[in-house]
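Colleague: I am new to this one and would like a guided tour. Could you show me how to read its features, one at a time?

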Amino acid sequence: MVQILILLVGLLLYAVYGSAGLAGLIWLLAAALIIWLAGQALPRCRWLFWPLIVVSAAPLVLMRLQPVTGFSLLAPLGVSYFTLQMISYVVDVRKEKYPPEKSLLTFALYLTYFPHLIQGPIESFDHMKTALAEQEFSWDGLSAGAIRMVWGAFKMLVISARASVVLATISTSPEEYRGAYALFAMILYSVRLYADFSGCMDIVLGVSQVLGLRLSENFDAPYYSQTVAEFWRRWHITLGDWLRNYIYIPLGGNRKGKLRKVINLIITFLVSGFWHGFHYILWGLFNGIFVALGNGLRTKFKAFNRLLTFLIISVLWSFFIWPDTFTALGSIGSLFTTFNYGALAANILSLGLGAADWIVFLCATVLLWVYDGNKERFKNVFTGSAPAMRLAVVGALGLLALVFGMYGIGFEAEQFIYSSF
């Protein structure tokens, strides 16, 4: 209990969270209290189940429907993430997977643990409670967490920041930059989003590891996937697990025939699109269709499968690059009507990055690709190395991030991409 109290008061940084808006902080704490209190009565008053689901989901649903309804709702930072955690807790207690949590402190920590509140990972209550119970500080955890944090910072400052410069140039003038430029933006966005999102996860998991907490992994080399279905098993893993456990399986999963399986998959991905925002529903539909195809596009050539999957995912990221659905569809359509690859090659240095920055970006991206393909080998070498060597690795990565990171005069810190969802 002492460890939990220290984490809750000292490390959740409620004051920092409240600085983004006191009303949001009050909203968050009130939601935690209501769900905790109602959860105590849920085993005896099973009729509370659906009202609790509605109460948990309503703020997020109303926010996502704002483009249609015009209804504006003040909601706290991280509402997309702790909404799913509240729903999973209510469902699990209703199914008697575990009893209601008696400690308000533990339950509040589960919902509001600051490092993962903004971008995940999306933890189940039983996993988070086990992590808290097994919390143990160690020097191995400190060193491993430290290198993970600087690796995450390296990906965000060296790779993502550079890609964002070019993307800002292309995405703000969709009529001018079509065809090859649009495809280039889609590929760059794939790299940028992965570097930014996985980099943030590295920092979250690294901080937690330093504190002795083992949270769930959220990525597993997703761009090594050979099908879109495999990609979604490797990307944002905890969101995929949540959708499978609380949407896909309750709909019937694959237990009611092939047609019903396809329908369930598409509904699940529509929910995923809506969770990201109303603008992304079509993105969810297209992903659901490709996932339903399964191995239909797979060949015996692994390299070709990976390239094809990467291109499909990159094209579908268009809905995240451009501000509205029609612009995204227009940019996708231009891939088949505008073949200006020579112009792109001639103007590559006029998109915001000079030759030196392109070299740094490409080298760092190759390093990320190599690391993803040999992750366990790198981890084993680091774990088995002497403390001095670990410190040297942390220092070297930190120095690389400082030297090659994009910031300085005129630098504006960008929010994490996924924090907006």
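Modeller: Let us begin with burial: a residue is buried under 20% relative accessible area, exposed over 50%, and partly exposed in between, using a 1.4 Å probe and protein chains only. By that rule, buried residues make up 51% of the 421 residues in this chain. Please keep in mind that this is a predicted model, where local features need pLDDT of at least 70 and side-chain atom pairs count only at pLDDT 80 or more, while totals for chains, interfaces and linings use all residues. Residues are numbered from 1 along each chain as its sequence is written, and side-chain values use heavy atoms, with hydrogens and water left out.

Colleague: Thanks. How many helices and strands does the chain have?

Modeller: Helices (H or I, at least four residues) and strands (E, at least two) are DSSP runs, numbered from the N terminus. Here there are 22 helices and zero strands.

Colleague: And how do I read contacts?

Modeller: A contact means heavy atoms within 4.5 Å. Among the chain's contacts with a separation of 6 or more, 74% are between residues 24 or more positions apart.

Colleague: Is Q85 buried or exposed?

Modeller: Q85 counts as buried, because its relative accessibility is 3%. You will find Q85 in helix 6, residues 79-94. Leaving aside residues up to four places away in sequence, Q85 touches Y110, L111, H116, P121, I122 and E123.

Colleague: What does the side chain of Q85 reach at 2.9 Å?

Modeller: The backbone nitrogen of E123. For a polar contact, look for a pair of N or O atoms within 3.5 Å; within protein, one must be able to donate a hydrogen and the other to accept it, and residues adjacent in sequence count only if both atoms are side-chain atoms.

Colleague: What about charged side chains?

Modeller: Side chains of opposite charge can pair when their charged atoms come close. A salt bridge is a side-chain nitrogen of Lys or Arg within 4 Å of a carboxyl oxygen of Asp or Glu. The whole structure holds nine salt bridges. One of them joins E96 and R46, at 3.8 Å from N to O. E96 sits in the loop between helix 6 and helix 7 (104-112) and R46 in the loop between helix 3 (22-41) and helix 4 (49-64), so this pair ties together parts 50 residues apart in sequence. E96 is exposed at 61% relative accessibility, whereas R46 is partly exposed at 37%.

Colleague: Which residue meets K129 in a salt bridge?

Modeller: E101, with an N to O distance of 2.6 Å. This pair also links distant parts of the chain, 28 residues apart: K129 is in helix 9 (residues 125-133) and E101 in the loop between helix 6 and helix 7. K129 is partly exposed at 38% relative accessible area, while E101 is buried at 6%.

Colleague: Where do E230 and R234 lie?

Modeller: Both are in helix 12 (residues 228-234), four residues apart, about one turn of the helix. Elsewhere, R148, K155, D202 and E217 are linked in a network of salt bridges.

Colleague: Which residues form a nonpolar patch on the surface?

Modeller: L399, L400, L402, V403 and F404. L400, for one, belongs to helix 22, residues 387-404, and is partly exposed at 35% relative accessible area.

Terms used. Patches are made of residues with over 30% relative accessible area and no salt bridge: like charges are joined within 9 Å, nonpolar side chains (Val, Leu, Ile, Met, Phe, Trp, Tyr) within 5 Å. Accessible areas come from the Shrake-Rupley method with a 1.4 Å probe; for residues, only the protein chains shown count as cover.
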